[in-house]
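Good morning, and thank you for coming.

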Amino acid sequence: MERYDNVKRVLLETFFGPPNVGVYSPSIQSTLYQMARATLNRFSNIDSVQLKMPNIHFLLVNISNTGGQIVKKEAVHLVFNVRFDCISFCLSHCHHSRN
C-alpha cells in the first residue's frame with residue numbers, strides 16, 4: 001500500500017504542480033507523458049505506466065462588458081459538454097540487451 005500511495009503522490013504532484021502556481025499543460029497528451037515520465041524516473045522498479053483520462057474540452061468565455069472592461073479578472077471556462085472519449089497512454093522503460 002505504501003508504494004501505491006507514493007506513486008499516487010508523484011502522479012498528483014506532476015498533474016497539479018506547485019499549489020501556488022499550478023502547472024501549464026499544452027495538451028492532455030503532454031500531461032499524461034509528464035506524469036508517466038515522473039513515475040518511471042522516481043521508481044526504478046516500475047517498468048511501464050499506463051494512464052487514461054477523459055478528453056474534455058474547456059472553452060475560454062469572454063466576460064467583458066460593453067465598455068470593454070473585464071468583469072472578472074480570473075479566467076472563466078465553459079465545459080464543452082460533448083463526449084470526446086478518453087485518451088490512453090503507455091510509457092515504458094526501454095531495456096537494451098547487448099549480444
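Predicted model: local features only at pLDDT ≥ 70, side-chain atom pairs only at ≥ 80, totals over all residues.

A search of the whole structure finds two aromatic pairs. Rings of Phe, Tyr and Trp (its six-membered ring) count as a pair if their centres lie within 6.5 Å; planes under 30 degrees apart are called stacked, over 60 edge-to-face, and the rest tilted. In general, a pair of aromatic rings is described by the distance of the centres and the angle of the planes.

Phe-15 and Phe-16 form an edge-to-face pair, with 4.8 Å from centre to centre and 90° between the planes. The rings of Tyr-33 and Phe-89 have centres 6.3 Å apart and planes at 80°, so this pair is edge-to-face. It links distant parts of the chain: Tyr-33 lies in helix H2 (residues 28-42) and Phe-89 in strand S4, 56 residues apart.

Residues are numbered from 1 along each chain as its sequence is written, and side-chain values use heavy atoms, with hydrogens and water left out.

Next, the overall plan. The protein chain has two helices and four strands, and from the N terminus on its elements run α-α-β-β-β-β. Helices (H or I, at least four residues) and strands (E, at least two) are DSSP runs, numbered from the N terminus.

How much of the chain is buried? Of its 99 residues, 19% count as buried. Buried means under 20% relative accessible area, exposed over 50%, and partly exposed in between, with a 1.4 Å probe and protein chains only. Tyr-33 is partly exposed, because its relative accessible area is 32%. Phe-15 is partly exposed as well, at 34%.

Now consider strand S1 (residues 48-54). Its covered face holds Val-49, Leu-51 and Met-53, whereas Ser-48, Gln-50, Lys-52 and Pro-54 form the uncovered one. Met-53 is buried, since its relative accessible area is 16%. The C-alpha atoms of Met-53 and Cys-86 are separated by 5.4 Å, although these residues are 33 apart along the chain.

Which strand pairs with S1? S1 and strand S4 (residues 86-92) pair in the antiparallel sense over seven bridges; two strands pair if DSSP finds at least two bridges between them.

Finally, a charge and a ring. The charged end of Arg-42 sits over the ring of Phe-43, 4.8 Å from its centre. This requires NZ of Lys or CZ of Arg within 6 Å of the ring centre and within 35 degrees of the ring normal.
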